[in-house]
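User: Could we go through this structure together? I have some questions about its side-chain contacts.

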Amino acid sequence: MDDMLKEFVVEALDLAINVEEHLLSLQRNPEDMNTLNAVFRSFHTIKGGAGFMNLSAMVSACHLTENLFDALRTGKSPVTPIAIEAALEASGFVSDQLTALSNGTSPEQLSTMPAALEQLLNDAIEGKVTSTPAKKDTKVAAAAVSANAAAGAHTSIISADTLPAVPDGEVAWEAYYRAVTPPGTLPEVTVVNPVVKQEQEAVKTSLASSEIKQSAPAKEESIRIDAVKLDVLLEVAGESVQAANQAAVLLEKLGQYSFDGDAAPLMSALTETLNRASRYSTELQRATLATRMQPVGRLFQKFPRLIRELAKDLGKDVDLEISGAETEVDRVVVDSLYDPLVHMLRNSLDHGIESAEERAQTTKPARAKILLKAWQEASSVMIEVTDDGKGMDASRLREKAISKGLINIHEAKTDDEAFQLVFLPGFSTKEVASSVSGRGVGMDVVKTAVERHRGAIRINSHLGKGTTFIIRLPIELSIVPTMLVRTAGASLALPMSTVQRVVELPETFESVGGQPVLRDLGRPLPIRSLGNVLGYEKSTERVGIVIAAPNPYIISVDSVDGTSDLVIKPLTCISTPGITGTARSAEGELVLVISLSFLLDGCKVVERHSA
């Protein structure tokens, strides 16, 4: 069983168990709307996952049950015993199918939905008090009742529903015999519900064909843990590493002193113990991080259907290609990427891909293409959305932003800066908003969501050829490799993913357009003072750090104090331009962590004009 199917089975089994509990509660309180809605949502959720996994029988059962509870909660049908019975039978059928899957049965070997269950659900939807019985020999039933009355015995009357079905023209002798025999003389007959009997036979056939051992349950290979508990565990692991690092620094300072006599072996033992504690805390941290890592394919596989349906609505012919689905990233990042990627894909379809008529006038293939790609780069995960559509017109973007009052005429001079204007709140190139886009909120949401997780997003576009959105996110959210620097007495940390090299700065610089520049590897790079940008007092900055940004530049600081993996605490109460969070150095000093997107944007604090 592949990972996605396994994950679905685990989640759906939990839902199926909850459904049964809700149904039993509903028997006691038929007018409980909260329970009705909970059952509806559970079957709807299972149906969605089953449809994604191509489990047609499960989809059919969930769909009918979903229709039933939609009718119950809207008052179109009454909550009758047959409705509860039908829902319980459907829940049992779904549970049996899920159990068979968890025990190793392949989806192709699962039984089909029993006709009796379908009839039962349809009768409940129609609001019938009793289900339509299967064909029975009513003449035999009447004869049995007459014989029982003539005998004058206190026997239980055998109804048509309890008599076995017999071929036309034959006599049910066993029914006659039981009808005239005093009660208690013969062993009771166990009447098996036709739905249950049919499903039992199907499960037996399925189990026999797949040669599954029924003597012992399958071993559980995974357990579900509350994400909050994992977050707490990761935080504790990070703090233990931090404490071990601080202890190592203190031990190093103690090593500067000489210890004689009994103190010498104690220091040796302390050193060995702290080294072991540091090693184990690091392993704990690594193991905890691994539990939160998930492949982005879990997210990517939700999009092909979205693209097909949206392309159909827009009248466009588009293929979605997925690459790098095995790339792993922090669970929190995976969960937070859904909305941004939906906005980006919708934007590519609506704005980027041309209409069929427009595309026919170009040399491009009639069928457009959108690429969704992920890969790992150093300590970052890169996610790219590329379309082969019309591309962006930088001059039109500038004009639109100026006309809306979002920027002034002196801003966004380069094409790269103009492309970033699409992330401004309220910016849209559409004159009329549609159900897909045009309200000026989608791409702003994308940038906000990405930066919330210490990431950055950039746009590359070529008019007439297409557009590429590139998202850079840290693979691990809580621990970030950084370079520690100091300016104006403040300790700051720069994400290592943006640092190219460290250079020595001269006392005087060349000037281009009034901006100091320094030649690095033959190219003139502008120099920006980190202290000045962040509002610190002026200091003597003689160390430069080359920043790997779309437009590379050098940031000047007082000194570099080394590198460190820091446990980042996000800023929650205040918002400071350029600062994404705080951390503690190995010496216990408070460190401000510089935002990745701030560095990639050139350390520019720009105040936007309100529209």
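User: Is Lys 47 buried or exposed?

Analyst: In this predicted model, Lys 47 is buried, with a relative accessible area of 18%. The cut-off for buried is under 20%.

User: Where is Lys 47 found?

Analyst: Lys 47 is found in helix H2.

User: And which residues is Lys 47 in contact with, leaving aside its neighbours within four places in sequence?

Analyst: With those neighbours left out, Lys 47 is in contact with Val 59, Cys 62, His 63 and Glu 66.

User: What joins the side chains of Lys 47 and Glu 66?

Analyst: A polar contact of 2.6 Å joins the two side chains. Glu 66 and Lys 47 also meet in a salt bridge, at 2.6 Å from N to O. This pair links distant parts of the chain, with Glu 66 in helix H3 (residues 56-74) and Lys 47 in helix H2 (residues 33-52), 19 residues apart.

User: Is Glu 66 buried or exposed?

Analyst: Glu 66 counts as buried, at 7% relative accessibility.

User: Staying with H2, which of its residues are buried?

Analyst: Besides Lys 47, the buried residues of H2 include Leu 36, Val 39, Phe 40, Phe 43 and Ile 46. Thr 35, Ala 38, Ser 42, Gly 49 and Ala 50 are buried in H2 as well.

User: What covers the buried residues of H2?

Analyst: The cover includes helix H1 (3-28), H3 and helix H4 (81-102).

User: What span should H2 have at 1.5 Å a residue?

Analyst: The 20 residues of H2 should span 28 Å, and the end C-alpha atoms are 29 Å apart, which agrees.

User: What caps the N-terminal end of H2?

Analyst: Asp 32 caps that end, with a side-chain oxygen 3.2 Å from the backbone nitrogen of Asn 34. After H2 comes Asn 54, whose phi is positive, near 60°.

User: Back to salt bridges. How many are there?

Analyst: The count comes to 20 salt bridges.

User: Which residue forms a salt bridge with Lys 569?

Analyst: Glu 239 is the partner of Lys 569, and their closest N and O atoms are 3.2 Å apart. The pair links distant parts of the chain: Lys 569 is in strand S17 (residues 569-570) and Glu 239 is in helix H9 (residues 227-254), 330 residues apart.

User: What about Lys 364, which residue does it bridge to?

Analyst: Lys 364 forms a salt bridge with Glu 354, and the closest N and O atoms are 2.8 Å apart. Lys 364 lies in the loop between helix H15 (356-360) and strand S4 (368-377), whereas Glu 354 lies in the loop between helix H14 (338-352) and H15, so the pair ties together parts that are ten residues apart in sequence. Lys 364 is buried, with a relative accessible area of 18%, and Glu 354 counts as buried at 7% relative accessibility.

User: Which residues do salt bridges that share partners join into one network?

Analyst: That network is made up of Asp 416, Lys 447, Glu 451, Arg 458 and Asp 601.

User: Turning to aromatics, how many aromatic pairs are there?

Analyst: The count comes to one aromatic pair. The rings of Phe 303 and Tyr 338 have centres 5.7 Å apart and planes at 10°, so the pair is stacked. The cut-off for stacked is planes under 30 degrees apart. Phe 303 lies in helix H12 (residues 303-314) and Tyr 338 in helix H14, so parts that are 35 residues apart in sequence are tied together.

User: Are the two partners buried or exposed?

Analyst: Phe 303 counts as buried, at 0% relative accessibility. Tyr 338 is partly exposed, with a relative accessible area of 32%.

User: How many residues does H14 have, and which are buried?

Analyst: H14 has 15 residues and reaches 20 Å from its first C-alpha to its last, close to the 21 Å expected at 1.5 Å a residue. Among its buried residues are Pro 340, Leu 341, Val 342, Met 344 and Leu 345.

User: Finally, which residues lie over the faces of Tyr 280 and Trp 375?

Analyst: Arg 279 lies over the face of Tyr 280, at 5.4 Å from the ring centre. Lys 373 lies over the face of Trp 375, at 5.1 Å from the ring centre.

Conventions: Residues are numbered from 1 along each chain as its sequence is written. This is a predicted model: local features need pLDDT of at least 70, side-chain atom pairs count only at pLDDT 80 or more; totals for chains, interfaces and linings use all residues. Side-chain values use heavy atoms; hydrogens and water are left out. A salt bridge is a side-chain nitrogen of Lys or Arg within 4 Å of a carboxyl oxygen of Asp or Glu. Helices (H or I, at least four residues) and strands (E, at least two) are DSSP runs, numbered from the N terminus. Buried means under 20% relative accessible area, exposed over 50%, partly exposed in between (1.4 Å probe, protein chains only). The expected span of a helix is 1.5 Å times one less than its number of residues. Contact means heavy atoms within 4.5 Å. A polar contact is a pair of N or O atoms within 3.5 Å; within protein, one must be able to donate a hydrogen and the other to accept it, and residues adjacent in sequence count only if both atoms are side-chain atoms. Rings of Phe, Tyr and Trp (its six-membered ring) pair if their centres lie within 6.5 Å; planes under 30 degrees apart count as stacked, over 60 as edge-to-face and the rest as tilted. A charge sits over a ring if NZ of Lys or CZ of Arg is within 6 Å of the ring centre and within 35 degrees of the ring normal.
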